[in-house]
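Hello,

Here is the structure I said I would pass on. Please open it first, then read my notes below.

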Amino acid sequence: MAPSASDVLRLDGNGNPRTLCLFASLVEAESRRFASSAASQPAENDLVRAFRGGATPTIPIVEFLERFQRCNYLFDGAVYVLAAAYLALFMRSPAVLEAGIVVEPATAHRLVSVAVLIGAKFVSPRYFERRVESFQICSGQSIRSSEMCPLELLFLRALNYRLFIADEEFQRFFRILERRPAPARSSLACGATKRKAQDDEEPRRVRACQLAARYGISGLFNRS
């Protein structure tokens, strides 16, 4: 069944789009999964160096996005579905596959930032009036505001500036988010959710991987 507008736009108890937590859960799972292997790989090209940046934010992805949501309260749930779609398409683009960049702790926050920024611009042109300083504030000064425009340009070039997501594809990515790994935790709404038993989560992870396999990549963002 196709997701309805109410499913996508539904808010949690703190007024955040529930897709924010779903997207954060998937990114956090991928980042943890590739943390050890990525740490041993040097940044040998400009693309990897750009998304690793200088300082690595220590704040969890879900709390980072919750801070960002509070700074940019116009965001609705569709922004985070688009961000997931753009990030998945970016990660399987020829430029990224050649560079060998993966979603891991040193790259995750910058990749998420650019994906959300582009999704927000696509959904609401008014976002062009918002300041990129919010990324620096929400990351605890780890992501410099001066980084955002160059990172956005690299991201757009890898996508060949193709940002339109058809309705069927949008629905598919929403279903992938719905079948996410174990939920990301935070001190706010996501932290209030009780952790489900592992045997309940495993079938959901399997279904997510099956859907992600349609895109030719393991775990949606990273390759095995």
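**Two helix pairs**

Start with helix α6 (residues 77-91) and helix α11 (residues 167-178), which pack at an angle of about 95 degrees with their axes 9 Å apart. Angles from 65 to 115 degrees count as roughly perpendicular, so α6 is roughly perpendicular to α11. On the α6 side, the contact uses A78, Y80, V81, L82, A84, A85, A88 and L89. On the α11 side, E169, F170, F173, F174 and L177 take part. By class, this contact of α6 with α11 has 12 nonpolar residues, no polar ones and 1 charged. Please note that the model is predicted.

The second pair is helix α2 (residues 18-33) with helix α5 (residues 61-71). Their packing angle is about 145 degrees, and their axes are 8 Å apart. The crossing of α2 past α5 is right-handed. From α2, the residues that meet α5 are L20, C21, F23, A24, V27 and E28. Their partners in α5 are I61, V62, L65, E66 and Q69. The contact of α2 with α5 divides into 8 nonpolar, 1 polar and 2 charged residues.

**The whole chain**

What is the protein built from, helices or strands? It has 13 helices and 0 strands. Of its 224 residues, 52% count as buried. Look also at how far apart in sequence the contacts reach. Among contacts with a separation of 6 or more, 81% come from residues 24 or more positions apart.

**The core**

In soluble globular proteins, nonpolar side chains tend to be buried together. Here the largest nonpolar core has 60 residues. The residues with the most contacts inside this core are F23, F51, L65, L87, F90, V116 and F155. Which helix gives the most to this core? It is α6, with 14 residues.

Leaving out residues up to four places away in sequence, V116 touches F23, L65, F68, F75, V79, Y80 and A83. Two of the residues it touches, F23 and L65, also belong to the contact of α2 with α5. Another, Y80, belongs to the contact of α6 with α11.

**A108 in α8**

A108 is in helix α8 (residues 108-123). Is A108 buried or exposed? Its relative accessibility is 2%, so A108 counts as buried. A108 and S31 are 77 residues apart along the chain, yet their C-alpha atoms are separated by 6.6 Å. Apart from neighbours within four places in sequence, A108 contacts V27, S31, I61 and V103. Of these partners of A108, V27 and I61 also take part where α2 meets α5.

**Loops worth a look**

Take the loop between α9 and α10, where Q141 is found. Q141 is not a glycine, but it has a positive phi of about 75 degrees. S142 is found in the loop between α9 (133-138) and α10 (145-158). With a relative accessibility of 13%, S142 counts as buried, because the cut-off is under 20%. Setting aside neighbours within four places in sequence, S142 is in contact with A55, T56, P57, R110, Q136 and E147.

Then go to the loop between α10 and α11, the place of Y161. Y161 has a positive phi of about 60 degrees, although it is not a glycine. Y161 counts as partly exposed, at 48% relative accessibility.

Best wishes

How values were computed: Residues numbered from 1 in each chain as written. Predicted model: local features only at pLDDT ≥ 70, side-chain atom pairs only at ≥ 80, totals over all residues. Heavy atoms only, no water. Axes fitted to C-alpha atoms, helices over the stretch in contact; angles between N-to-C directions. Helix = DSSP H or I, 4+ residues; strand = E, 2+ residues; numbered from the N terminus. Parallel < 35°, antiparallel > 145°, perpendicular 65-115°, else oblique. Contact = heavy atoms within 4.5 Å. Nonpolar A, V, L, I, M, F, W, Y, C, P; charged D, E, K, R; others polar. Left-handed = near helix turned anticlockwise from the far one by under 90°. Buried < 20%, exposed > 50% of the residue type's maximum accessible area, 1.4 Å probe, protein only. Core = buried A, V, L, I, M, F, W, Y, C linked by side-chain atoms within 4.5 Å.
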